[in-house]
Amino acid sequence: MFKNLTSKFTHLIRSFSDKYKLSESELDIIIKKIRKILLDSDISLNTVKYLILNIKNKLTTLEVSRKISPSQIIVKSIYDEFTDIMGGLNSPRFKFNINELNVILFTGLQGVGKTTSIAKFAHWLKKKYKKKVLLSSCDIYRPGAIEQLKFLANKNNIDFFDQNLLDITIILKTALNYAQVNSYDFLLVDSAGRLHLDENMMNELSFIDSILKPSYTFLILDSTYGQDAINSSSVFINKFKISGFIVTKMDSDTKGGIILSLTYNTKKPVYFIGTGENINDLDLFYPDRLASRILGMGDIDTLIDEVKEKLTIKDQLIEKSFDMNLFKEQINNLLKLGGFKKIVEKLPSYNFGEINESKLDNDFLKKMLSIIDSMTIKERKYPSILNFSRKKRLWKGSGCKLHDINKLIKYYEKFSKFLSKENYQSSISSKLKNKSFL
Ligand code: GDP
Ligand code: MG
């Protein structure tokens, strides 16, 4: 996410000297560089103008004290402006009513990620709030569209309102009734997208809206569409009541500026971002966290939330003696968080720039699991007994190479050393936060 934008900002910030005063011309050069980065990142011209004006104003009005260097003030100004333009610290959060049915409509052009987002959103509601969620689709035009939602629902253990109806009115009314009678907390409705916005789609949406009276209507936008996504969102907003956005495919390596322009040009909030194709790849949107990530300062808060939500970490990790069984648990935890790459993305690039994520990709993590699975109980408990003949048995059993087994042992030893020195549970977040730039 934002690889391009972040690396440019990281590069710029690293180039700042630690001088306590900057001349006007030095400041001008920096402002020009910031403008160029923003313009190269698919951020619309009016948004760039607004941001640059505000950053400049802030820089000229802020008192430079002996304790804070101009470079820190510049970073802080950009961070504040990014946070504000994306909705600020008070950007609305998703809320729902307890003890009544909440109906939510998902809309957007074809292929932007509506169906995938509904499944992710339902999974999130079930996991985080333990809610009873029903999915329904009125995408009756595209063959397979309803089947796709049904497949995702079944795969992830989410209830799906199954029907063989071809009339939208009847589908919606029966789904609503079914959800009410069966005391569901949520009914999430997938609507049909089109390749291009047209009058028919708008009329159909208004019609669906009049039947469902949803508490939220999310417009799903594909971040890879860049400026086109913003143009189409404006058309939707002008004609239709949209609560806010879910911006998908933020994991793709696009120029990354879409959210800054989107919120500035539409004045509507982003509620969630899609960060991958898997069911867990939906993050709540926090403007300040994203601003921090864009500037290469990481997003430790989201990482901590994910650790809390997705993992059941054993408190006694340190007290238990570390062996291959516990190492296997940690590898599984890494995979649950989306793998090493997803974690590194959320860490400040200043501190972790040297980590080579490709060496620890998900395939390698899975390979390590299969090697551990081929070990005997004794080998897992006492990995130091792994001599050449035992390794030979392992590489035959797990289908790996000797080189992979040696790598696994190397990582195992590194990890156990780390655990013996540090308090794994408490230290990481506080240490990283202290190191962060602001
Ligand atoms: P719809 O036509 O709007 O319902 O779009 P779909 O939900 O069918 O998604 C279209 C494609 O985009 C599918 O291949 C999805 O797996 C993919 N997709 C959706 N959301 C994301 C995301 O956040 N990241 C990535 N990488 N792919 C996504
Ligand atoms: Mg769909």
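Start by selecting helix H4 (residues 70-85) and helix H11 (residues 287-294), whose axes cross at roughly 135° and come within 8 Å. That angle makes H4 oblique to H11, since angles over 145 would be needed for roughly antiparallel. Keep both helices on screen and look at how one passes the other: the crossing of H4 with H11 is right-handed. Bear in mind throughout that this is a predicted model.

**Second stop: H7 and H8**

Clear the selection and pick helix H7 (residues 168-181) together with helix H8 (residues 199-212). The axes of H7 and H8 lie 10 Å apart, and the two helices pack at an angle of about 30°. H7 is therefore roughly parallel to H8, as angles under 35 degrees count as such.

Now select ligand 1 and show the residues around it. Which of the 18 residues come nearest? They are Gly111, Thr115, Thr116, Asp251 and Glu277.

Colour this shell by residue class: 10 of its residues are polar, 6 are charged and 2 are nonpolar. Then colour by helix. Helix H5 (residues 114-129) supplies 4 residues, the largest share of the shell around ligand 1.

Zoom in on the backbone of Gly111, where an N or O atom lies 2.7 Å from an oxygen atom of ligand 1. For a side-chain contact, select Asp251: an N or O atom of its side chain is 2.7 Å from a nitrogen atom of ligand 1.

To finish, show the surface of the protein around the ligand. How much of the accessible area of ligand 1 does the protein cover? On its own, ligand 1 has 580 Å² of accessible area, and the protein covers 81% of that.

How values were computed
Residues are numbered from 1 along each chain as its sequence is written. Chains are lettered from A and ligands numbered from 1 in the order in which they are written. This is a predicted model: local features need pLDDT of at least 70, side-chain atom pairs count only at pLDDT 80 or more; totals for chains, interfaces and linings use all residues. Side-chain values use heavy atoms; hydrogens and water are left out. A residue is near a molecule or strand if one of its heavy atoms lies within 4 Å of it. A polar contact is a pair of N or O atoms within 3.5 Å; within protein, one must be able to donate a hydrogen and the other to accept it, and residues adjacent in sequence count only if both atoms are side-chain atoms. Accessible areas come from the Shrake-Rupley method with a 1.4 Å probe; for residues, only the protein chains shown count as cover. Ala, Val, Leu, Ile, Met, Phe, Trp, Tyr, Cys and Pro count as nonpolar, Asp, Glu, Lys and Arg as charged, and the others, Gly among them, as polar. Axes are lines fitted to C-alpha atoms, for helices over the stretch in contact, and angles run from 0 to 180 degrees between N-to-C directions. Angles under 35 degrees count as roughly parallel, over 145 as roughly antiparallel, 65 to 115 as roughly perpendicular and the rest as oblique. A crossing is left-handed if the near helix is turned anticlockwise from the far one by less than a right angle, and right-handed if clockwise.
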